[in-house]
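Please keep the sequence and the model in view while reading.

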2 protein chains.
Amino acid sequence: MAVLLTEQEISEALGDLAGWKHEGDALVKECEFANFVQAFAFMTRVAMRAEKIDHHPDWSNSYNRIHISLTSHDAGGLTSKDLALAAAINRELSK
Amino acid sequence: MAVLLTEQEISEALGDLAGWKHEGDALVKECEFANFVQAFAFMTRVAMRAEKIDHHPDWSNSYNRIHISLTSHDAGGLTSKDLALAAAINRELSK
């Protein structure tokens, strides 16, 4: 089972993860796009990344808005996989 | 502005819309797939349909599960657009 991150590790990581917040057992982020096509195109890019690293977001979409929540369900909290996915999502957002 | 459906129109329509429930101002459906790839492939097909008819779902995804909620925000409730999208989603589910 993956090792849970400490509070300090999470705090330090958030310094490099623009727009992410630590809420409960998850990292969360709100994203807004110009329209649905832009939002879903982003989701599609993230879906490819998530499948590749075998770690998937809990997310919702309403037209141009997306709410993303990352946690490691099997570990019961945040692990390095969540940090990796959050970083990958930020890279996709900057494209 | 689109015309809101009556309770009777909604009830009659639900008879032809397998798996949909009327909750508040929305039609909702839960879908489960074999894995994330199957779930997201379905979402992608629905996204194309939604964009084509310019009516978009509020939906969330967690790995192989998808929760869909349809309503006409501009009309403040359910309209014929929601029935059309629900039917399109069911057609995609049956493929």
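Over all chains, a search of the whole structure finds six salt bridges, a salt bridge being a side-chain nitrogen of Lys or Arg within 4 Å of a carboxyl oxygen of Asp or Glu. The model is predicted, so local features need pLDDT of at least 70 and side-chain atom pairs count only at pLDDT 80 or more, while totals for chains, interfaces and linings use all residues. Residues are numbered from 1 along each chain as its sequence is written, chains are lettered from A and ligands numbered from 1 in the order in which they are written, and side-chain values use heavy atoms, with hydrogens and water left out.

In chain A, salt bridges link Arg45(A), Arg49(A), Glu92(A) and Lys95(A) into a network. Within this group, Glu92(A) pairs with Lys95(A), with 3.1 Å between the closest N and O atoms. Glu92(A) counts as buried because its relative accessibility is 3%, where buried means under 20% relative accessible area, exposed over 50%, and partly exposed in between (1.4 Å probe, protein chains only). Lys95(A), at 65% relative accessibility, counts as exposed.

In chain B, Glu92(B) forms a salt bridge with Arg49(B), at 2.7 Å from N to O. This pair links distant parts of the chain, 43 residues apart: Glu92(B) lies in helix H3 (residues 80-93) and Arg49(B) in helix H2 (residues 36-53) of chain B. Helices here are DSSP runs of H or I with at least four residues, numbered from the N terminus. Glu92(B) is buried, at 3% relative accessible area, whereas Arg49(B) counts as partly exposed at 36%. Glu92(B) also forms a salt bridge with Lys95(B), the closest N and O atoms lying 3.1 Å apart. Lys95(B) has a relative accessibility of 64% and therefore counts as exposed.

How are the two chains related? Chain B is superposed on chain A by a rotation of 180° with 0.0 Å of shift along the axis, at an RMSD of 0.0 Å. This is the relation of a two-fold axis. The superposition is by least squares on the C-alpha atoms of residues with pLDDT of at least 70 in both copies. Ser60(B) is the residue of chain B that comes closest to the rotation axis, its C-alpha being 1.9 Å away.

Notes:
Helix = DSSP H or I, 4+ residues; strand = E, 2+ residues; numbered from the N terminus.
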